[in-house]
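Thanks for making the time this morning. I would like to walk you through one structure, with the cut-offs stated as they come up.

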Amino acid sequence: MPMSRLRDLRIKNGYATQADLAKVLYVNQTAVSQWERGVTTPSPAILLRLSQLYGVSTDYLLGSDGPGKKLAVKIPVYRAVAAGIPIEATDEIVDWEEIEPELAGTGKYFALRVQGQSMEPRICDGDVVIVRQQEDASTGDVAIVLVNGNDATCKRIKKDGGGLWLLPNNPAYNPKFYTADEIATLPVRIIGKVVELRGKF
């Protein structure tokens with residue numbers, strides 16, 4: 001793996017120091033230094049993460065002489081969310097979606113297949129939502145929220161007096177309000193913001 005390529009890609013993509021990149025990848029700086037000096041090669045999982053960060057193929061990272069054209073980034077689709085009564089979250093991957101490398105470079109993304117009718121007519125049963133992983137969202141955002149630690153639901157949120165409303169789009173379903181105490185004890189936790197909807201037929 002050409003050490004100059006890894007170093008140049010790091011700097012080009014805004015990671016000024018090896019420590020900056022190490023922090024994003026949850027590795028130590030020594031590992032990054034060894035990759036860039038050609039002492040060791042990143043694991044397959046790290047190579048995939050680097051390709052997502054830089055928007056290039058893993059083959060290019062490994063030394064391909066191709067132009068390193070930015071490629072669409074694949075993200076996993078989970079069926080861990082219900083738009084209705086929350087269901088137990090699972091990490092089972094049921095499909096893959098592609099997002100633009102420019103979007104992938106702005107954070108960590110995953111996708112979820114919606115189940116239920118509570119977010120209709122905008123988000124329907126079987127649709128896939130693209131989610132940016134984050135621990136907070138603003139009033140009006142559609143977010144993925146974990147309830148009881150492992151029940152995931154897709155709802156529009158509203159913050160109110162320290163509490164949190166989970167609001168369905170479908171008027172046949174009732175909003176749900178969690179107090180500040182319930183948020184802390186159940187717990188209730190935002191895990192991502194929906195940034196894109198991909199309807200399925």
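What follows goes from the cavity and its helices to some backbone features, and then to a few single residues.

First, the ground rules: this is a predicted model, in which local features need pLDDT of at least 70 and side-chain atom pairs count only at pLDDT 80 or more, while totals for chains, interfaces and linings use all residues. Residues are numbered from 1 along each chain as its sequence is written, and side-chain values use heavy atoms, with hydrogens and water left out.

Let me start with the cavity. By cavity I mean a set of points, on a 1 Å grid over the protein atoms alone, where a 1.4 Å probe fits but cannot get out, and its lining residues have an atom within 4 Å of a point. Grid points are joined across faces, edges and corners, and the volume is the space filled by probe spheres set on the points. Under that rule there is one cavity of 30 Å³ or more, and the largest cavity holds about 30 Å³ of space.

Which residues line the largest cavity? They are Leu-6, Leu-21, Val-32, Trp-35, Glu-36, Leu-50 and Tyr-54. By class, the lining has six nonpolar residues, no polar ones and one charged, where Ala, Val, Leu, Ile, Met, Phe, Trp, Tyr, Cys and Pro count as nonpolar, Asp, Glu, Lys and Arg as charged, and the others, Gly among them, as polar. Helices α3 (29–36) and α4 (44–54) each give at least two residues to this lining, and the largest share, three residues, comes from α3. Helices here are DSSP runs (H or I, at least four residues), as are strands (E, at least two), and both are numbered from the N terminus.

In helix α2 (residues 18–25), the buried residues are Gln-18, Leu-21, Ala-22 and Leu-25. Viewed down the axis of α2, its buried residues fall within an arc of 105 degrees, so they line one face of the helix; the arc is that of the directions from the helix axis to the C-beta atoms. In α3, the buried residues are Ala-31, Val-32, Ser-33, Trp-35 and Glu-36, and in α4 they are Ile-46, Leu-47, Leu-50, Ser-51, Gln-52, Leu-53 and Tyr-54.

The helix ends deserve a look as well. Tyr-26, found in the loop between α2 and α3, has a phi near 60 degrees, which is a positive value in a residue other than glycine, and with a relative accessible area of 77% Tyr-26 is exposed. Gly-38 follows α3 with a positive phi near 80 degrees, and just after α4, Gly-55 has a positive phi of about 70 degrees.

There are also cis peptide bonds to point out. One joins Glu-120 and Pro-121, with omega about 10 degrees, and Pro-121 lies in the loop between β4 (109–113) and β5 (128–133). Another joins Leu-186 and Pro-187, with omega about -10 degrees, and Pro-187 is in the loop between α7 (180–185) and β10.

Strand β10 (residues 188–198) contains Arg-189, which is partly exposed, with a relative accessible area of 44%. Arg-189 and Ile-144 are 45 residues apart in sequence, and their C-alpha atoms are 8.7 Å apart.

In strand β7 (residues 151–160) we find Thr-153, which is buried at 1% relative accessibility. Its side chain makes a polar contact of 3.0 Å with that of Lys-155, a polar contact being a pair of N or O atoms within 3.5 Å, where within protein one must be able to donate a hydrogen and the other to accept it, and residues adjacent in sequence count only if both atoms are side-chain atoms.

Finally, the cysteines: how many disulfides does a search of the whole structure find? The search finds zero, a disulfide being a pair of cysteine sulfur atoms within 2.5 Å. Cys-154 is buried at 0% relative accessibility, whereas Cys-124 is partly exposed at 28%.

Methods: Buried < 20%, exposed > 50% of the residue type's maximum accessible area, 1.4 Å probe, protein only. 1 Å grid on protein atoms, 1.4 Å probe; cavity = no way out; pocket = protein on both sides within 12 Å on 5 of 7 lines; lining within 4 Å.
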